[in-house]
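Student: I'd like some practice reading a sheet and the aromatic rings around it. Can we walk through a model together?

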Amino acid sequence: EDNDEPKGMKKIMLHKESTAILESIQKEVQALTDMDVFDEISYNELPKGQQTLPSHIIVKRKYTIDPKTGLNTFNRWKARLVFNGKNQKDHGSTYSNTPYFATIRTILATCCTKDWVLLHLDLGNAFCGTKLIGRNVYVKPPPDCAPPNKLW
């Protein structure tokens with residue numbers, strides 16, 4: 001079916017909108033690179049005894065609401081890099097950055113003073129800024145997202 005969200009790189013490459021989907025994947029990986037979320041290393045730099053977490057790309061259709069009709073209309077493809085956490089050991093609590101309430105209030109206040117209509121607030125890559133202190137997580141990138149024999 002044409003409206004399916006493809007799962008896996010093989011299905012993405014065969015999808016009729018593969019170009020747009022691949023652009024969204026490149027945008028996601030570039031955003032993570034720009035935020036210095038990971039360092040790229042070669043397999044031979046992996047410390048002995050360390051395991052790698054597999055990762056993959058999930059792509060979803062994003063919709064916007066047409067203010068005139070109230071109907072959802074396709075806007076763009078959104079890619080997300082996800083990690084297979086079932087292989088991950090519990091290392092206690094973790095902390096993820098989230099926006100300050102003052103930031104959200106400022107956005108809302110600006111919308112009010114400018115008489116803008118805010119239909120959706122998307123905080124893309126909101127949880128990627130946190131550094132893991134004292135531990136390293138090694139991730140095998142999805143196919144075609146990093147050079148061969150590289151880890152993040």
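Student: Which residues form one aromatic cluster?

Tutor: Keep in mind that this is a predicted model. The cluster is made of Tyr63, Phe74 and Trp77. In total, the structure holds 3 aromatic pairs. Take Tyr63 and Phe74: their ring centres are 6.2 Å apart with 80° between the planes, an edge-to-face pair.

Student: Where in the chain do Tyr63 and Phe74 sit?

Tutor: Tyr63 is in strand β2 (residues 52-65) and Phe74 in strand β3 (residues 72-83). They are 11 residues apart, and the pair links distant parts of the chain.

Student: And how does Trp77 pair with Phe74?

Tutor: Phe74 and Trp77 are edge-to-face too, at 5.9 Å centre to centre and 65° between the planes.

Student: Is Trp77 buried or exposed?

Tutor: For this you look at relative accessible area, where under 20% means buried. Trp77 has 6%, so it counts as buried. Tyr63 is partly exposed at 46%, and Phe74 is partly exposed as well, at 36%.

Student: What lies over the face of Phe74?

Tutor: That's Arg61, placed over the face of the Phe74 ring at 4.9 Å from the ring centre.

Student: Now the sheet. How are strands held together in general, and what is the strand order here?

Tutor: The general idea is that strands of a sheet pair through backbone hydrogen bonds, either parallel or antiparallel. Here you have an open sheet of 3 strands in the order β3-β2-β4, and the pairing is mixed.

Student: Which strands stand at the edges?

Tutor: β3 and β4 (138-140) do. Each has a single partner strand, so one side of each is left without a neighbour in the sheet. From one strand to the next, the twist averages 40°.

Student: How many bridges join β2 to β3?

Tutor: There are 11, and the two strands run antiparallel. For one specific example, follow Lys62 across to its bridge partner in β3, which is Arg76.

Student: Which helix packs on the sheet?

Tutor: Helix α2 (residues 18-34), which touches β2 and β3. To read its orientation, compare directions: that of α2 makes about 50° with that of β3.

Technical notes: Residues numbered from 1 in each chain as written. Predicted model: local features only at pLDDT ≥ 70, side-chain atom pairs only at ≥ 80, totals over all residues. Heavy atoms only, no water. Phe/Tyr/Trp six-rings, centres within 6.5 Å; stacked < 30°, edge-to-face > 60°. Helix = DSSP H or I, 4+ residues; strand = E, 2+ residues; numbered from the N terminus. Buried < 20%, exposed > 50% of the residue type's maximum accessible area, 1.4 Å probe, protein only. Lys NZ or Arg CZ within 6 Å of the ring centre and 35° of its normal. Pairing = 2+ DSSP bridges. Axes fitted to C-alpha atoms, helices over the stretch in contact; angles between N-to-C directions. Contact = heavy atoms within 4.5 Å.
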